[in-house]
Structure formats: structure tokens, C-alpha cells
Amino acid sequence: MDPERLPTGIESVDRILGGGLETDSVTEIYGEGGSGKTLFCLEVAHRVARAGDWVFYVDTEGVSVDRLRAIAGEGLEKILKRFLLSTPKNLEEQGRAVATACALAREGKRRVGLLVVDSATFYYRLSLSSSDEDTARETLVLQVADLVATSLAAHVPVLLTNQVWRSLSEGTLEPLGGSFLNHAAKTILRFDRLGGARRRVTLVKHRSRPEATAEFRITASGLDGSAPS
Ligand code: GTP
Ligand code: MG
């Protein structure tokens with residue numbers, strides 16, 4: 001049976017995803033700074049919370065509420081009642097936040113509509129090239145494995161963002177987190193900045209959809225994917 005989909009509400013992106021995010025697997029978004037990863041997560045989270053389902057949101061950037069206000073406007077208070085927001089300060093705290101979110105989602109007492117980790121690799125990146133690198137990788141792998149299992153067991157879509165590094169030999173932008181993250185995420189979207197407010201989304205991996213691209217625009221009140229792409 002085809003997995004169910006959670007519409008993101010961004011038309012162009014829903015089109016290439018065949019209706020929205022898969023509800024039993026992890027979707028990864030990677031892209032350079034300012035490409036719209038956080039705005040995208042907030043937009044989907046806002047939609048889920050507005051419909052009355054819970055959103056578990058692990059935020060390593062510490063800026064989500066202000067930006068959620070721009071999207072939600074007057075409705076912010078109602079939206080926040082459906083948000084379980086954690087703001088970890090290091091990779092271990094992030095691990096505890098993810099473990100709590102996964103346990104609550106599996107417990108099933110609240111209707112959880114979305115689990116977000118933005119960014120999943122910010123603290124991991126800080127540990128690269130240090131003596132803690134192996135431990136950090138192991139910690140990240142355990143977190144992602146928990147998220148994969150939880151998504152499948154509890155039918156909760158998981159949205160992860162990932163940062164990029166520039167391969168000097170190839171001249172390309174590559175996602176962090178290595179091959180484990182690439183395998184764990186069943187859907188992978190790459191975000192790129194075009195001119196001004198325009199952003200391109202490339203579907204680079206999906207279980208049942210072909211590689212495709214879409215566009216959206218960043219506006220003061222959210223993301224607009226209504227223009228034909
Ligand atoms: P990192 O977390 O740094 O990796 O970036 P990100 O991919 O999460 O990007 P984010 O979602 O934070 O996108 C921020 C981008 O949106 C920046 O380029 C801002 O200039 C742009 N932006 C924010 N608000 C507006 C707006 O009202 N209008 C327009 N045109 N752009 C905006
Ligand atoms: Mg961000």
C-alpha cells in the first residue's frame with residue numbers, strides 16, 4: 001500500500017512529492033544557508049498545528065517562535081498550544097530532546113502530526129575534526145535511527161534539515177552526515193537559492209517518485225509555491 005502523505009501546503013512541492021511528505025518515513029532537506037529550510041519546516045509545522053495536531057519541534061537555531069509569528073499572525077497563540085518546542089544547546093541535549101519526542105509520539109496519547117529536527121547536523125558539524133568526532137557521529141546515528149523507527153511505528157512524518165559542505169575537488173555542495181543519513185531518509189530534497197526571493201527545490205531521492213524540481217517564493221507571510229514551475 002502507498003504510504004499516506006502529509007500535504008506541505010506549498011503547491012509546487014506537493015506536486016513533485018505526489019501529494020506531500022510520507023507519513024511513515026524521514027524526509028531530509030539539505031541546502032546552503034538562507035535557502036529556506038527553516039521557513040519550510042515552520043510552514044509545514046504551522047499547517048499541522050493549525051489543524052489541531054501536535055508538532056514536536058527540535059530547534060537548534062533558537063529563532064523559531066519569532067518566525068512562526070510572521071507566518072501565523074493573530075493565530076500564534078493557538079498554534080503554540082500545539083507545539084512542543086525544545087531548544088537543545090549541544091548534541092547530547094539534542095539527543096535527549098529527540099528521544100523524548102520519539103517516546104511521546106510512540107506513546108500515542110496525543111495526536112502527533114509532525115516531528116521536526118532543524119538543524120539535525122548543526123551541533124554534529126561543530127564536532128567534526130575534533131577528538132569527539134566519532135562519538136558525535138554515533139550520537140547522530142542513534143538519534144536518526146530512533147526517528148526512523150518512530151516514524152514507521154507511529155505514522156508520524158519526520159522532517160530533518162541538514163547543512164552542506166563544499167567539496168573543493170568537485171566544486172559541489174554536499175549534505176553533511178554521511179551515507180547513513182542518506183540511507184535513513186527515504187525522501188531527500190535539496191534547496192537552492194535562485195534570484196531574490198525565489199528558491200528551487202530538487203527531489204533528489206524518493207521511493208516512488210522521479211527526480212524533479214519545483215520552485216517557491218519567500219514572502220513576508222510564508223512560502224508561495226503557486227506559480228507554475
Ligand atoms: P540556515 O539555517 O542558515 O542553513 O538557512 P535556512 O536554509 O534555514 O534558511 P531560512 O529558512 O532561515 O531562510 C531565510 C531566508 O529567507 C533568507 O535568505 C532571508 O533573506 C529570507 N527571508 C526571510 N523573510 C523574508 C521575506 O519576508 N521576504 C523575502 N523575500 N525573503 C525573506
Ligand atoms: Mg535554518
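Me: Hi! Where does Leu42 lie?
Reply: Leu42 lies in helix α2. Keep in mind that this is a predicted model.

Me: Thanks! Is Leu42 buried or exposed?
Reply: Leu42 is buried, because its relative accessible area is 0% and buried means under 20%.

Me: And which residues is Leu42 in contact with, leaving aside neighbours within four places in sequence?
Reply: With those neighbours set aside, Leu42 is in contact with Tyr57, Ser64, Arg67, Leu68 and Ile71.

Me: Okay, new topic. What coordinates the magnesium ion?
Reply: The magnesium ion, ligand 2, is coordinated by Thr38 through OG1 and by Glu61 through OE, at 2.0 to 2.2 Å. This pair links distant parts of the chain, 23 residues apart. Thr38 is in helix α2 (residues 37-50), while Glu61 is in the loop between β4 (54-59) and α3 (64-72).

Me: How do Thr38 and Glu61 come out for accessibility?
Reply: Thr38 is buried, with a relative accessible area of 7%. Glu61 counts as partly exposed, at 36% relative accessibility.

Me: What does Phe83 touch, not counting residues up to four places away in sequence?
Reply: On that count, Phe83 touches Ala45, Ala49, Trp54, Val55, Tyr57 and Leu68. As for Val112, it is 29 residues from Phe83 along the chain, with 9.9 Å separating their C-alpha atoms.

Me: Can we switch to helices? At what angle do the axes of α5 and α7 cross?
Reply: The axes of α5 (residues 91-107) and α7 (residues 133-154) cross at roughly 15° and come within 10 Å. That makes α5 roughly parallel to α7, because angles under 35 degrees count as roughly parallel. The crossing of these two helices is left-handed.

Me: Which residues in α5 meet which in α7?
Reply: From α5, the residues are Leu91, Gln94, Gly95, Val98, Ala99, Cys102, Ala105 and Arg106. In α7 they meet Ala136, Thr139, Gln143, Asp146, Leu147, Thr150, Ala153 and Ala154. By class, the contact has nine nonpolar, five polar and two charged residues.

Me: Which two residues does a cis peptide bond join?
Reply: A cis peptide bond joins Asp118 and Ser119, with omega about -5°. Most peptide bonds are trans. You will find Ser119 in the loop between β6 (112-118) and α6 (122-127).

Me: Last one: where is Thr187 found, and is Thr187 buried or exposed?
Reply: Thr187 is found in strand β10, residues 185-193. At 2% relative accessibility, Thr187 counts as buried. Leaving aside neighbours within four places in sequence, Thr187 is in contact with Leu17, Glu22, Val26, Thr27, Glu28, Leu203, Lys205 and His206.

Technical notes:
Residues numbered from 1 in each chain as written. Chains lettered and ligands numbered in written order. Predicted model: local features only at pLDDT ≥ 70, side-chain atom pairs only at ≥ 80, totals over all residues. Heavy atoms only, no water. Axes fitted to C-alpha atoms, helices over the stretch in contact; angles between N-to-C directions. Helix = DSSP H or I, 4+ residues; strand = E, 2+ residues; numbered from the N terminus. Parallel < 35°, antiparallel > 145°, perpendicular 65-115°, else oblique. Left-handed = near helix turned anticlockwise from the far one by under 90°. Contact = heavy atoms within 4.5 Å. Nonpolar A, V, L, I, M, F, W, Y, C, P; charged D, E, K, R; others polar. Donors = N, O, S within 2.8 Å, 3.2 Å for Na, K, Ca; no water. Buried < 20%, exposed > 50% of the residue type's maximum accessible area, 1.4 Å probe, protein only.
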